[in-house]
Structure formats: structure tokens, C-alpha cells
Amino acid sequence: MANQRLRALLRWTKWADWAIAAVGFTIIIFVLTFFFDSSSTDGAASSVNLPASDLVDLTLLHNAKDRGALCLDGSLPGYHFQKGFGSGSNNWLLHIEGGGWCNTIESCSTRKTTALGSSNFMERQVSFSGILSSDPSQNPDFFSWNKVKIRYCDGASFAGRPESEFKNGTNLFFRGQLIWEALMDELLSVGMSNAKQAFLTGCSAGGLAAVIHCDDFRERLPQHATVKCLADASFFLDESDVQGNRTMRSFYDDVFHLQGVAKSLDRNCLSRMGNSRCLFPREFIKNIRTPVFIVNPAYDFWQIRNILVPDVSDPQGYWQTCRLNIHSCNPNQLEILKGFRNSLLNALSEFQQKNEAGMFVNSCYIHCQTWMAETWHSPSSPRINSKTIAESVGDWYFNRGAVKLIDCPYPCNPTCYNMDFTRH
């Protein structure tokens, strides 16, 4: 199954690379909205040749239309729910799918013709693996819990607001916040209101949504419940690229204004900064009251390929082979990548001081590691101090010990999954 999932990952990334090369600078920001997010491809990849019992049906939100909680194209949002059993019957784990963002009318209009903008294009069944798995050998601490995979179809990490919609015939719905609220109410009505333990998680843009809504998630659940959150490959950096451009800041500024996300963001951050920089986790995670765990590769290939070295900032192709395979980077490039790692650690330094914070920052060239068994928990999974990500997260969630693990710089960790885009 690892090969199938990784092939799906590579197919998506190769498409994005081709698109950037074909159309150049004019759509570099658009490409950011659709560039690979592992959780957006995991359903298609992991459902191949699986028995029906391993597949989980799509459920459309029942009262979404009445509440105006709609995907970009106006279709009903959805989720996949697998009921818990045994000791996990009253525990809930939610995982928010990722898939980038859309920052213009054009990119949102294109997005609404995909599964990231419309339930009409979503798989009707997906497999649950990694942190969603019901196999105790793959998911030792959470296998028996009620598990929900939340599909992502709004393009703004469940933070868009309808008052920002254009009334000019574009037929785009910016309803991410309403989707979040309707989804929470529906899950509470089917048993989550009795949760004893709950865990809100997500990958990439879904992980950003998890931390944006973390405290709200806590407030909706019983006071006696243990509630925590996890963000996987979601600590996006506000860093300049190799030519000094602030590509990600500009992109987030467009999303911020287009979809009107301000009211969904941290008020303390907004009162201090008042702008789209409050979409960067560094600026708001310090204010989250609910315990949060950060899983992040120090050499996140999505951030390296889109924030540090986007194609538009490498017109001569100096970084081409390095971006395809970190093993091909020359000493000067590795020093720059190490500097990017240092920027991540610096951005995490204040968060690291929080007593209830958890961290697993490995030195792998990958993006998203919780949704796939091979990186979450398996004999060949990445490890720090002999612990897999699953073991580390479990130790933290159940207070078996403090977990703030930071890997040494590349190439020190032989257990890493390092993506090699030259082979596909």
C-alpha cells in the first residue's frame, strides 16, 4: 500500500511541476492553491484493491442547505464516519483533509470543479489508514475510537465567510466557517456530545484548520472531556524565497481578503497585527488555550518547493535537481535548506516553551506523515529517539511523558521517508 499511496502523491506533484513549467509566472500563485497535499489524494490511492469492510462511506451534511453551509460550488459538504467500539466508544478523533487554498475568483472557480470544491467530485468511499486506522498494529492508541475524516471543499481552511461573496454572477460560495459549525452540530448530535476524550487533527491546510478552530472545538465538548489538537505539516512559514520575495505572505493576503476569514482568526493576533499574517501559525498558536501537538518535517517539500524555492524564483533551474531529490542538493543548497530548518525551529521556539505543547519535528523531505501507516506507525516509520510519530503523539495525548522531539539536521536520520521525484 505504501507504493500505491506514494505513487498518488507523486502523480499530483508531477502535475503541479508540469503546470508551473508550462505557464510560468502568470499562474504561480494559482498553482499554490492546488499543489500537492497528501491527504487530498489518500482516498483514491489507498482504496485500490481493499475489501469493502476497509472502506468508509461519504455522508453529506444533513441540514447544510438550510444553514447555508455549502462547498465552493454550492453542493453539500461531507465527511466519512466510522463508529468506535469497545473502550473507544465514547472517544472521538477527527481528521481534516488538506488541499491548499484558493486566492482568486479564477482559482476558486477552477477548484469548484474538483473534489476540493465540490462534493459532486468526492469519492463515495475512502479507506482509513494511519491515524484513522482501526488496526491496532497500525494505530495503537486510537484504533477503537469514533473516527471522522472531514472533507475539505471551501478553499480557506474552514474560515471563509458568506459576507465576502461576490454578487456578480460568479456563483462561488465562501462558507467554510458555516460548514465547520454545521459539521460540529451534526457530530455532536450523533454522539460526540458524550465524548470522554476527543482529538482534532488535520494535515496541511487541514492542520491549519485544526489549530484555527482548536479552542472552539474544546468549547463545544463536555467540560470534563480531555480535548487536544494536532497539526501535521501545517506550520507554514512567513519566509522570503531565495530571491527575497514574500510569495506566501502575498498569497495568504489574497485568501484573507477574498474569503473574508478575519472573523474566524485569533482575536488577540488580529488586534495586534490586524492582517493576513494571523493565518501563519507562529502568530496565533501562542494564544491557543487547548493543548496542541505539532508534527512537521524540518525539510517539508511543499514549503521548500513553494515558499523557499518556487519555480518563478529559480528561472535558470539551479535548484531543479535539488527540489526533486534532497540527496542531489549541493553543499551550498543544503546550507540554505538548513537555514530554512532554523527558521522553522525559531518560529516554534515560543510554542516549545508551553508546558502542554507537544512536538515531533523530524529531518525528512516529505509533507504530511499522519495519514499513512508507513509514516505514522510501521516497522519502517520515521523515528526520533526510537519512537514513531504515533507512539510520540500517544505518549503526549495520554500524558505518559513530555514529548518535544527535534531531529538533528539532514542527513542524520536514516529512518526518514525522503521523497524522490526523479523516479516518477
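Q: Is C412 buried, partly exposed or exposed, and how does one read that?
A: The general idea is a cut-off on relative accessible area: under 20% is buried, over 50% is exposed, and what lies in between is partly exposed. In this predicted model, C412 has a relative accessible area of 31%, so C412 is partly exposed.

Q: Which residue is joined to C412 by a disulfide?
A: Two cysteine sulfur atoms within 2.5 Å are taken as a disulfide. C412 is joined to C408, with an S to S distance of 1.9 Å. The relative accessibility of C408 is 38%, which makes C408 partly exposed.

Q: What is the handedness of the link of C408 and C412?
A: Handedness is read from the torsion about the S-S bond. For C408 and C412 the value is 105°, and the link is right-handed.

Q: How many disulfides does the structure hold?
A: There are eight disulfides in the structure. One of them is formed by C322 and C329, with sulfur atoms 1.9 Å apart. The torsion about the S-S bond of C322 and C329 is 85°, a right-handed link.

Q: Is C322 buried or exposed?
A: C322 counts as buried because its relative accessibility is 3%.

Q: Why is the disulfide of C71 and C153 left-handed?
A: The sulfur atoms of C71 and C153 are 2.1 Å apart in their disulfide. The torsion about this S-S bond is about -75°, so the disulfide is left-handed. The pair links distant parts of the chain, 82 residues apart. C71 sits in the loop between helix 4 (64–67) and strand 2 (78–82), and C153 sits in the loop between strand 5 (146–150) and helix 6 (176–189). Both C71 and C153 are buried.

Q: What share of the residues of the protein counts as buried?
A: Of its 424 residues, 61% count as buried. The accessible surface of the protein is about 15700 Å², and carbon and sulfur atoms account for 49% of that.

Q: How many helices and strands does the protein have?
A: There are 16 helices and 10 strands.

Q: What order do the strands take in the open sheet?
A: Strands of a sheet pair through backbone hydrogen bonds, and the pairing is either parallel or antiparallel. Here an open sheet of 10 strands has mixed pairing and the order 4-1-2-5-3-6-7-8-9-10. The edges are strand 4 (125–127) and strand 10 (404–406); each has a single partner strand, so one side of each has no neighbour in the sheet. On average, neighbouring strands of this sheet are turned by 20° against each other, direction ignored.

Q: In what sense do strand 7 and strand 8 pair?
A: Strand 7 (residues 226–232) and strand 8 (residues 292–297) pair in the parallel sense over four bridges. A231 has I294 of strand 8 as its bridge partner.

Q: Which strands does helix 6 touch as it packs on the sheet?
A: Helix 6 touches strand 1 (55–60), strand 2, strand 3 (91–96), strand 5 and strand 6 (197–203), and its direction makes about 155° with that of strand 3.

Q: Where does helix 14 lie?
A: Helix 14 (residues 331–352) lies across strand 8, strand 9 (358–362) and strand 10. Helix 14 runs at about 170° to strand 9.

Q: How many contacts join residues at least 24 apart in sequence?
A: This is read as a share of the contacts between residues at least 6 apart in sequence, and in this protein 76% of those join residues at least 24 apart.

How values were computed: Residues are numbered from 1 along each chain as its sequence is written. This is a predicted model: local features need pLDDT of at least 70, side-chain atom pairs count only at pLDDT 80 or more; totals for chains, interfaces and linings use all residues. Side-chain values use heavy atoms; hydrogens and water are left out. Helices (H or I, at least four residues) and strands (E, at least two) are DSSP runs, numbered from the N terminus. Buried means under 20% relative accessible area, exposed over 50%, partly exposed in between (1.4 Å probe, protein chains only). Contact means heavy atoms within 4.5 Å. Accessible areas come from the Shrake-Rupley method with a 1.4 Å probe; for residues, only the protein chains shown count as cover. Two strands pair if DSSP finds at least two bridges between them. Axes are lines fitted to C-alpha atoms, for helices over the stretch in contact, and angles run from 0 to 180 degrees between N-to-C directions.
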